[in-house]
Amino acid sequence: MFVTIGVVGPSESVDKILKVAEEFPSARCLPFIYEDVKELPNLIKQGQLLVDQWLFSGVMNHTYALKHRLVQPEQASFPLLHGSSFFGKLLEIQQKEQRIFQSFSIDHITAEEIQKVLSFYDMDHLHFETIPFSIDKEPEQIAHIHQVLYESKKTEVAITATRGVYDRLKRQAIPVYRLTPSYFSIKLSIELLIERAQVKHYENLRMAVIACQALNANENIDASLFKWKHQDLDLKKSLLTLTERLNGSFVEVADGLYYIYTTKGEIDTDIESSLMNNMASFRIHNQLEIGFAIGYGQTVLAAEQHARHGLNQLKMGGDPSLLIVQTKDDITQKVQNEEHTLNTEAITSALQERYELKNANTRDVLRIALYSRKYNKPHFTAEDVAQWFNSTKRNARRILSELQQDAIIEIHDKTQAAPRGRPSNVYRFTDNDLFFGKES
């Protein structure tokens, strides 16, 4: 298996890593070089579709990427400094200075790490003043701490992992050495990332079955067979679109029960979000309670059994949630992001009390509110509603006119669609707090 690793860091550090990477024929390392760490978001975005794993040159850019959610922890690493890198630097200092130093200041390594390393090799007589890493510390601050420790005679030599700190201390004529990853540290990091990528690859090949069940199918069939057929067609159309995105296979098992067969690698957070959006959408639009369970397994049989087990846990009337079943003892429940959900029961009750709406109109209000919230459009037009409802503008204008007469919505503004066309009304809800909550 061929693995692509993105190497991120300043030019000097990336070149060093790329030289070690030449020893790995099964890995291709792509350089992502920056001068300022703030360039990272654009760099990583460029390589997202190309890179399997990310190797950062140090703890600083690695922590920055994790803090800003540019990468996931399981797809990134950096060469450690407290090992061969640390001892190699100590040896270099003694050899170059031709004397034995007893006290040092060092950054980017914690006191605990230093203590464990020194005690393991019976070197407790050496004294280290540690400057813990913090992404909020500027190079000037770290350099100043090194300088104060040296000038107060607490240390004899400064060891830093940051180029900016090294340059500043050099200008102050303070004995300073740059701590960089050793050959073995870089090699171990690359081996780790290759192994991770391989594990991820085989994990993605696991079978996955997405089971969908219309929880109130029997009730709807008993109430009106034709209405159920329309609901069933809408649901199957939605599931077929999803199956196409998953490169999967769609099977209708029974009335209101459907399976999508695919692999784990095809299911990501966007797919999970789509499943939860479908649950909320069908509840409001079609008065159809649907539930999803994803089952994973090494075989099709295992994945299907896990999906069935997930369906057995689903209940009607609760908040839309997605069950992910790795094994019968390992079940994860995911709920929809609160900012895209509505308390439909409370809103329906409030609408009927205030406005005495018919069921059809109540459903239209909820649908508009759902899409308005989903697309962050508190102000909407007939064109927006027509697109959301997959309907004509004429029908959308009729719905909006009825809701305006009931004082549920009001005209907020007018927009000119074309130079010679009639201006279109822009609407908003008269009571935004009811649908979107009070602003904090």
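Me: Let's start with Phe101: buried or exposed?
Reply: Phe101 is buried, because its relative accessible area is 5% and the cut-off for buried is under 20%. Keep in mind that this is a predicted model.

Me: OK, how confident is the prediction, then? What's the mean pLDDT of the protein chain?
Reply: The mean is 86, with 92% of the residues at 70 or more.

Me: Which elements have the lowest and the highest mean pLDDT?
Reply: Helix α17, residues 432–436, is the lowest with a mean of 70. At the other end is strand β3, residues 53–56, with a mean of 96.

Me: Now helices. Which residues of α4 are buried?
Reply: Ser85, Phe86, Lys89, Leu90, Ile93 and Gln94. Looking down the axis of α4, these buried residues fall within an arc of 165°, so they line one face of the helix.

Me: What do the buried residues of α4 pack against?
Reply: Quite a list: strands β5, β6, β7 and β8, plus helices α5 and α8.

Me: How far apart are the end C-alpha atoms of α4?
Reply: They are 20 Å apart. The helix has 14 residues, 84–97, and at 1.5 Å a residue they should span 20 Å, so the two agree.

Me: What follows α4?
Reply: Gln98, with a positive phi near 55°. Gln98 is not a glycine, and its place is in the loop between α4 and β5. With a relative accessible area of 65%, Gln98 is exposed.

Me: Why point out a positive phi?
Reply: Because most residues other than glycine have a negative phi. Ala173 is another residue with a positive value, near 60°. Ala173 lies in the loop between α7 and β8 and is exposed, with a relative accessible area of 64%.

Me: Let's do α5. Which of its residues are buried?
Reply: In α5 the buried ones are Ile114, Val117 and Leu118. The arc they cover around the axis is only 95°, which puts them on the same side of α5. The face turned away from that side carries the exposed residues Glu112, Lys116 and Phe120.

Me: What covers the buried ones?
Reply: The cover for the buried residues of α5 includes α4, β5 and β6. Just after α5 comes Asp122, with a positive phi of about 55°.

Me: And α2, which residues are buried there?
Reply: Leu40, Leu43, Ile44 and Gly47. They sit on the same side of α2, because their arc around the axis is only 90°. Exposed on the other side are Asn42, Lys45 and Gln46. The buried residues are covered by elements including β1, β2, β3 and α3.

Me: Last one: where does Leu288 lie?
Reply: Leu288 is in the loop between α11 and β12. Leu288 is buried, with a relative accessible area of 0%.

Me: What is Leu288 in contact with, leaving aside neighbours within four places in sequence?
Reply: Its contacts include Ala214, Trp228, Leu235 and Phe282. Leu235 is 53 residues away along the chain, with 9.2 Å between the C-alpha atoms of Leu235 and Leu288.

Conventions:
Residues numbered from 1 in each chain as written. Predicted model: local features only at pLDDT ≥ 70, side-chain atom pairs only at ≥ 80, totals over all residues. Heavy atoms only, no water. pLDDT = per-residue confidence, 0-100. Helix = DSSP H or I, 4+ residues; strand = E, 2+ residues; numbered from the N terminus. Buried < 20%, exposed > 50% of the residue type's maximum accessible area, 1.4 Å probe, protein only. Expected span 1.5 Å × (residues − 1). Arc of directions from axis to C-beta. Contact = heavy atoms within 4.5 Å.
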